[in-house]
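Here are some notes for a colleague who is new to this structure. Please read them with the sequence and the model side by side.

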Amino acid sequence: CADNDLDGMDSNFIGHCDYISTDRKLMHRGNWLTLVFLSLVFVLPLCQDSHNTVVEEAIMDHHLRSTVNMPAELLRIALRVRRFIKPWFIACVVAVLLIMDPLTAKNITLNILAVAMFSEVDSVVAALLLTE
């Protein structure tokens with residue numbers, strides 16, 4: 001933010017980044033609608049993935065009630081990472097991408113689609129490699 005400070009280099013004003021506030025002022029209603037629509041469309045698969053991890057862990061707990069199995073514990077850790085940590089990482093990536101690029105409908109669409117594609121890669125790879 002210091003590279004594009006509109007208040008001057010001697011300004012001691014702290015509270016906002018000029019780059020972000022200028023970008024936000026330039027954002028049109030269509031850009032906001034694109035951002036909200038794509039965010040809502042992207043949240044559904046993320047919620048379904050979280051729900052699937054809960055179901056998978058419950059099934060695993062039912063079948064492995066009284067046994068201690070190291071591979072099962074590793075799978076449990078992976079499921080919990082997918083359920084609790086993955087959504088936070090995705091939210092941080094989307095926030096950084098939206099802050100760093102100009103807020104145009106094209107950039108919003110492409111950034112959210114890129115994050116959605118990479119967040120689905122683990123499910124696709126698992127389906128390809130772990131088929132019966």
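1. Helices (H or I, at least four residues) and strands (E, at least two) are DSSP runs, numbered from the N terminus. By that naming, D49 is found in helix α2. This is a predicted model, in which local features need pLDDT of at least 70 and side-chain atom pairs count only at pLDDT 80 or more, while totals for chains, interfaces and linings use all residues. Residues are numbered from 1 along each chain as its sequence is written, and side-chain values use heavy atoms, with hydrogens and water left out.

2. Confidence comes next. The pLDDT is the predictor's confidence in each residue, from 0 to 100. The protein chain averages 78, and 78% of its residues score at least 70. Helix α1 (residues 18–26) has the lowest confidence, with a mean of 65, and helix α3 (residues 70–100) has the highest, at 85. Where pLDDT is low, the predicted coordinates should not be read in detail.

3. How many salt bridges are there? Taking a salt bridge as a side-chain nitrogen of Lys or Arg within 4 Å of a carboxyl oxygen of Asp or Glu, the count is eight. One of them joins D49 to R82, with the closest N and O atoms 2.5 Å apart. This pair links distant parts of the chain, with D49 in helix α2 (residues 29–63) and R82 in helix α3, 33 residues apart. The two side chains are also listed as a polar contact at 2.5 Å. A polar contact is a pair of N or O atoms within 3.5 Å; within protein, one must be able to donate a hydrogen and the other to accept it, and residues adjacent in sequence count only if both atoms are side-chain atoms.

4. D49 is buried because its relative accessibility is 8%. R82 has a relative accessible area of 22%, so R82 is partly exposed.

5. R82 also forms a salt bridge with E56, where the closest N and O atoms are 4.0 Å apart. Here E56 belongs to helix α2 and R82 to helix α3, so distant parts of the chain, 26 residues apart, are linked. E56 is partly exposed, at 36% relative accessibility.

6. D61 and R76 form another salt bridge, at 2.2 Å from N to O. D61 lies in helix α2 and R76 in helix α3, so this pair ties together parts that are 15 residues apart in sequence. D61 counts as partly exposed at 32% relative accessibility, whereas R76 is buried at 13% relative accessible area. Both residues belong to a network of salt bridges that links E57, D61, E73, R76, R80 and R83.

7. A disulfide is a pair of cysteine sulfur atoms within 2.5 Å, and a search of the whole structure finds zero of them. C47 is partly exposed, with 45% relative accessibility. For C92 the value is 45% as well, which again counts as partly exposed.

8. On the surface, M117, F118, V121, V124, V125, L128, L129 and L130 form a nonpolar patch with about 860 Å² of accessible area together. Patches are made of residues with over 30% relative accessible area and no salt bridge; like charges are joined within 9 Å, and nonpolar side chains (Val, Leu, Ile, Met, Phe, Trp, Tyr) within 5 Å. Accessible areas come from the Shrake-Rupley method with a 1.4 Å probe, and for residues only the protein chains shown count as cover. L130 sits in the segment after α4 (105–129) and is exposed, with a relative accessible area of 67%.

Definitions and conventions:
Buried means under 20% relative accessible area, exposed over 50%, partly exposed in between (1.4 Å probe, protein chains only).
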